[in-house]
Amino acid sequence: MCYNTHMNIIETSRRKFLQGSVSLCIYATSALSSPWQTTKTSNKKTTDTPYLCNMCRNKCAGYARVENGLITKLNPNHNFPKSRNMLCPKGNAGIQAIYDEDRLKYPLIRIGNRGDGQYKRATWDEAYEYIKEKLVKIIDEQKDNRSTIAYCNGEGFNKDEYIKFFGSKLGSANFLDEGSICLNTKLGATQLTIGDVGEMDVAGSDYMIISGANRYESLITPDSVDMIHSKQKLVVLDPRCTVTAIKADEYLPLYPGTDLAFCLSMMYIAFKEELYDKKYVNEQFDDFEKLKAHILSQKYTPEWAESKTHIPSQKIEKITREFFAASNPLYYLGRRSVWSQNDFQLRRAMVLINALAGSVNRKGGIIFGQPIKLNDEEINEPLYNNAEGRFDLDGIVYGSQKGGSWLNFREKVVSKTAPYPVKAMFIRKHNLMQNMPNIAKTKKMLEMMDLVVVLDTMPSDTAMMADVILPECTYLEREDMVVSFNRLEPSLALRNQVIESLYESRSMQDILKGLGKKLSVPLFHVSAKYDEDLQDSIKEDGLHKAFVEGGYDMAELYGYNTTQRNKRLITKQFGKEVYNSLKEKGVWYPYMDEQKELFNDFYEYYPPEKRFYTIDKKYRVNAYLKKLEKAGFDAMPTWHKYYDFNLHEDEFRVITGRYVTTTQSATANNVMLKDFEKENYLWINNNNAKRLGIKTGDSVVVMSSVSSIVIKANPTNKIAPNVLWIPHGFGIDSQEMTNAYAKGASDNMIIEDKFEKIYGCATMHETNVTLRKL
Amino acid sequence: MARYGMALDYKNCINCKACEVACKEENGVELGAEKHRIWVGGNNPEGAWPLLDMASASFLPSQCQQCDDAPCQEVCPTHATYYDENGVVRVDADKCILCSYCMNACPYDARYVDERTMTVDKCTFCSDTRLARGETTTACQNTCPTKVRTFGDLDDPESEISELLRTRDHFSLKAHLGTKPKLFYLT
Amino acid sequence: MNFIKKIIPMKDFTLKSLMTFEKTPLNILMFILTIGLLGAFGWGVIEYLIHSHHAYNVTREHPWGLLIAMYIFFVVSSTGLCIVGSLGDVFGFKDYMAMSKRAILGSIVTILAGFAVIAFEIGHPVRMLIYNVLSPGLTSAIWWMGTLYGIYLTFMIIEFIFLMRNDMKNARIFGLTGLLVGLAAHSNLGGVFGFLNARTISNGVFYPTYFILTAFITGIYLTYLMYGFRYKMNFPEEIKKGLIGLAKIQTLLLAILMFFETWKMMTGIYGGMPGRADVVEHILHSGGFVYGEVLCGMLIPFVVMLTTKWKSINLYVYASFIGMIGIFFMRYDLVHDTQVKPLQMMKLTEYQLPPKWIEYFPSAAEFAIGFGAIGIFFMLYYFGQKMFDLDGGDH
């Protein structure tokens, strides 16, 4: 029955797209959306397919049950050390992502204006042809400067392969990913302070402090699970009383952006009372005395911290003493969007606190571990002499060479201050129109492009800005390349294909293969026109040889399909048994045979003595970063006056986050998850609300210097005064997302596009707004 | 023949709703906020920021309590509600006349109307899905990130649930009503 | 026809005579009202057939709505009229002999109207008939109530036949049995609520007894209305006597009811037991209770009857009309108040205030079917009057 319903929808949706008629849209949804879209599993045994989830960045392992070609249930895979035999609500609702009526089904070419959603259905070849013609023209105009084509990817899986295609093969330097609107400061701070990004051993820690990371609503495996099962003391700092705060042993409400003051004070107390691990400090620290002198001389006393954070000084003292007295304390570094200008130094302060406690490279701390290294599939990379370098890290001290800085990039493009024009963008699973501050500016950037190509599964706000939409299949319809996970209990996991891809959607590999075949020769000829080295080699070796040996075949990687590539790669490196395990169980790690149930479907994976708590590795703790000092920034964590949370009575600070049932904007249209939160509400302190006459459900206008939104209010005692929390992932503007369109409001409409200068990361919590009842 | 029950280590519940989605997908429960076999209730902390009374904020996963002495079964005029061979309170949709008496009689708000069959539906402990094909867990128990639920045979002294109930303090919801629930909340 | 007439004496009538009536303003009003109500009923049924229970505003937390209330309204009316009818032919009170026929007809048509409502409330009425027999739930008050009302209706019809045949001996036998079955059925209906352990406001002995008391009261109100309409307020002496007697009984019954209610509320609120005291308080603050039940249902008729020295029959007819409005609120409130306290008191989503009181307001289709059934009552009663000679009691 369910299947038939979907067949109907294909037809209707096709008409919908072809005619681009609004009235038809309404007709289609009202007539066809059935109130029930779940399928009861049968009482028959089936052989379930192991897969890896893709509803968020975690990649938990599951088994998919298929009956009559229809996925009826997704179950957790107990073999995977990382996901600990669980699936979250989103993982369970993955079925609804596959069978979403609004999914992108066919290649589409724009016939209307950007953003108005009018597209015509095209064949894959027509779509490739369209892209080819535009690209040849653009690259010709830009005299073979391949970097005129920017490309981005907001999806962890297949990212490296995507970079190989557009970076190595096509030759563009302008790759952007979610890192600069996410956690790059944390990665950078750890890398620069202890030489490795490491991994946090939550399960092994007996005392954990979390600043702002909402691990019980923004689930991370295995951290979220381990927090419940380990008998550690949990201390949570947050301006908002989250579920994590509720579950904590101690909740310390504080003002937003003042976590650094708390950290500085912890260090102050540790130095003053000599609580730190002297042996560790002696062995591992560089510039320890500089740090100590700095913290003490700045007088970051608990009383000082109280004045900044609102946390009572005795509490700060008590927590600090308990932390340093614990056997395996961990200051959890978080993994989420960057808050404010001090974010890099905040994360560094956290790393330094862990280091002062000796909680590095040991159980319960930041561990280095031993990830399983997968061999790379080598390809032949052409050299483009006319391809220029990236410009988005100009003015950024460190920055990620891989994913760059979105806001700096966008600013330079929009203000036309980039050294060369960016003319085209390839966007894969990256909802630019929702994911970064100041949506109007993103729109402007996309409008400046001669060609925008979107690879996605859903008609997102960003897809609606594309010239060509290429429908990618969802994670259950494809096999992906094997992936190595984790450091403490490392394992390999494979996303097996569960069902044939629906409609005309294709895997990224197949899309790139088709694109590569279409583009390689025409683009090669453009290069031959401008690239002198290539001209020489054509002269020497002839056209064909220059093409092949120069690595210009963009589809080189795709001579074999993913299944064949996996088999070759895994069998060659690890042997047949590992491959079989990955195919049959979806997972492989060395001690699978010894996996034992501890209780109630909860397992022990690596025997404790086999875990990589401590490895033999030379590293230093860098308390002082000279490069920062040279660039005119703080070399050590330091408080500045402008970090103070000090607002006028009528001013509010916007902070963001998300529900446990949403993954940013990616799950916005999921009909199952929508049952829990149909729209987002603005959290406002109940006393503030009372003063403004705002009641639950009242519509309020929130105004920033960028724009304004209208959103329903949720007056609550669970948030600090003069702070507003806007859950992210709502206020979708694409009418093709019928479950999500115009439900709630988008935080990024009003968040100002500021970024910090150490990593070029967007600072999400620095926007002050005013509001009034509508 | 077993006597199935469930023990809930409810203080481990983080209100993530995974169980609710798993239940809906496994058992083909209709979408819609009112149509749920299981749910998680939450209390807002009392007090004013920053002095919040965290002890007053709690999460309580709930569902049909699978009473041994079920009011819903007693009030059913056509025996549509019955105990199956494993002591699970079930509804025979063919016999249900939708008088809704059971919905009113259930002290736990555990029943709702399935709009497809227009009969009353409720938690079955996955009896006609997972258990019917020989699995030993319910969908909610299996998927739970923090493994709140332990499902098993109360008559088997060797079962994990029996062991838990012997060793951990527990209570039942609205025990004073004499419904003898087979859901046990561990403290 | 002749065969039927052999069983039950009827007036001579033709289809045409059934369809014609004296064109007084009241009759015309009643005609339009009846047609309107029947139309509403028909529309409601169509709505229900198209949208099934979606046409109703009942929810998971409030599964019983206006239709259950109207069903109770009609069956209480039926039981009440049965009691009034029994006064003469069963218990032999001479003053009420003349009323038996009309009252028993009334009890038959009201319960038929009630069944018409419940047929569209119960999700599967045909299935009910089958499994009520094949798979009887003997512990269920609904089973007993339904089954007994079925038997009751049979006895009422038989009693009516004997009444029309002026076979008072048999009428008495079936009348008595019918009355007992009816009272049993009716107290079972009270038991449907009384058994609800989880609903402390309704649980216990109150409703089964209260139902019988209020049935009697309803019966008297309706008798007044039927006679008021029959005689256009010019009552013959023999009827007058009976009606005055009924007014006296009514006053006593209302006094008892007021004590019942007072003590229910007092014991309910005492001690502040959650789920009971708070609900009582909620009830005491609701307009339906204060204006509907207390003022219309009890106080106004009570005061009118008590203060007019048993002389103003015409006034009592109007008081009875007001009383029936009160009776409606009693039925509606009884259903609503039983469910008004949520059984699940925690928030299920973040943006929900914790559940406090369950909200319910009937949908258009519920109004149409529930009140439309009054049209069925009017229609059946009209035809009954036309077909049977209801005047005159024991001869």
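A residue is taken as buried if 20 or more other C-beta atoms lie within 10 Å of its own, as exposed if 12 or fewer do, and as partly exposed in between. The structure described here is a predicted model. In chain A, A:Ala742 has 13 C-beta neighbours inside 10 Å and therefore counts as partly exposed. A:Ala742 is not a glycine, yet its phi is positive, at about 60°. This residue is placed in the loop between E28 and strand E29 (768–773) of chain A. A positive phi, near 60°, is also found at A:Asn722, again a residue other than glycine. A:Asn722 belongs to the loop that runs between strand E27 (708–716) and strand E28 (723–727) of chain A. Because A:Asn722 has 22 C-beta neighbours inside 10 Å, it counts as buried.

Cis peptide bonds occur in chains A and B. In chain A, the bond from A:Thr221 to A:Pro222 is cis, with omega near 0°; A:Pro222 is located in the loop between strand E9 (207–211) and H8. In chain B, the cis bond links B:Trp49 to B:Pro50, with omega near 5°, and B:Pro50 sits in the loop between strands E3 (46–48) and E4 (51–53) of that chain.

Contact between chains A and B involves 47 residues of chain A and 42 residues of chain B. On the chain A side, the elements giving two or more residues include helix H8 (223–229), helix H9 (243–247) and strand E11 (250–253). The residues on this side of chain A comprise 26 nonpolar, 13 polar and eight charged.

Within chain A, helix H10 (residues 259–272) packs against helix H15 (residues 343–356) at an angle of about 30°, and their axes are 9 Å apart. H10(A) is therefore roughly parallel to H15(A). The crossing of H10(A) past H15(A) is left-handed. Among the residues that make the contact are A:Leu260, A:Cys263 and A:Met267 of H10(A), together with A:Leu346, A:Ala349 and A:Ile353 of H15(A). By class, the residues of the contact between H10(A) and H15(A) are 12 nonpolar, one polar and one charged.

In chain C, helix H4 (residues 66–89) contains 24 residues and spans 34 Å from its first C-alpha to its last, close to the expected 34 Å. H4(C) is mostly covered, with 24 of its 24 residues buried. Helix H5 (residues 100–119) of chain C contains 20 residues and reaches 28 Å between its first and last C-alpha, close to the expected 28 Å. H5(C) is likewise mostly covered, with 18 of its 20 residues buried.

Conventions: Residues are numbered from 1 along each chain as its sequence is written. Chains are lettered from A and ligands numbered from 1 in the order in which they are written. This is a predicted model: local features need pLDDT of at least 70, side-chain atom pairs count only at pLDDT 80 or more; totals for chains, interfaces and linings use all residues. Helices (H or I, at least four residues) and strands (E, at least two) are DSSP runs, numbered from the N terminus. The expected span of a helix is 1.5 Å times one less than its number of residues. Axes are lines fitted to C-alpha atoms, for helices over the stretch in contact, and angles run from 0 to 180 degrees between N-to-C directions. Angles under 35 degrees count as roughly parallel, over 145 as roughly antiparallel, 65 to 115 as roughly perpendicular and the rest as oblique. A crossing is left-handed if the near helix is turned anticlockwise from the far one by less than a right angle, and right-handed if clockwise. Two residues are in contact if their C-beta atoms, placed from the backbone, lie within 7 Å. Ala, Val, Leu, Ile, Met, Phe, Trp, Tyr, Cys and Pro count as nonpolar, Asp, Glu, Lys and Arg as charged, and the others, Gly among them, as polar.
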